[in-house]
Amino acid sequence: MGEFIGLMAVTLPMVIAIVAIWTKHQRQMAEMQLLGSQDEARSANARNAELEDRLRVLERIVTDKGYDVAAQIEALRDDRKLDAIEDRSRVS
């Protein structure tokens, strides 16, 4: 019986330390996953907002009978080309 108590006195603190380290690691992993999920949600929301804006422009082009649809589409393409050129010049 005394040997069992001696063995427990040696191993119990090690087991407690290992469980504490493992628990801390699991908590950190859960926090990282939560942050990653939030970043993905923000990214998806931003992309959705961008697509909604593009859809509104297309709806306006299609429903506005006073303008030539092909000319407006080309104008949009030209704007995107201009934006791309400006973006490249800012990076350089």
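**Briefing: a helical protein chain**

The protein chain has two helices and zero strands. Helices (H or I, at least four residues) and strands (E, at least two) are DSSP runs, numbered from the N terminus. This is a predicted model: local features need pLDDT of at least 70, side-chain atom pairs count only at pLDDT 80 or more, and totals for chains, interfaces and linings use all residues. Residues are numbered from 1 along each chain as its sequence is written, and side-chain values use heavy atoms, leaving out hydrogens and water.

**Surface**
- Of the 92 residues in the protein chain, 1% are buried (under 20% relative accessible area; exposed is over 50%, partly exposed in between; 1.4 Å probe, protein chains only).
- Met-1 lies in the segment before α1 (2-63).
- Met-1 counts as exposed, at 77% relative accessibility.

**Salt bridges**
- The count is four salt bridges (a side-chain nitrogen of Lys or Arg within 4 Å of a carboxyl oxygen of Asp or Glu).
- Arg-42 pairs with Asp-39, with the closest N and O atoms 2.7 Å apart.
- These two, Arg-42 and Asp-39, sit three residues apart in helix α1, so about one helical turn separates them.
- Glu-50 bridges to Arg-47, the closest N and O atoms being 3.1 Å apart.
- Glu-50 is partly exposed at 40% relative accessibility, and Arg-47 is partly exposed at 42%.

- Arg-56 forms a salt bridge with Asp-53, at 2.9 Å between the closest N and O atoms.
- Arg-56 and Asp-53 are three residues apart in helix α1, so they are separated by about one helical turn.
- Salt bridges with shared partners join Glu-52, Asp-53 and Arg-56 into one network.
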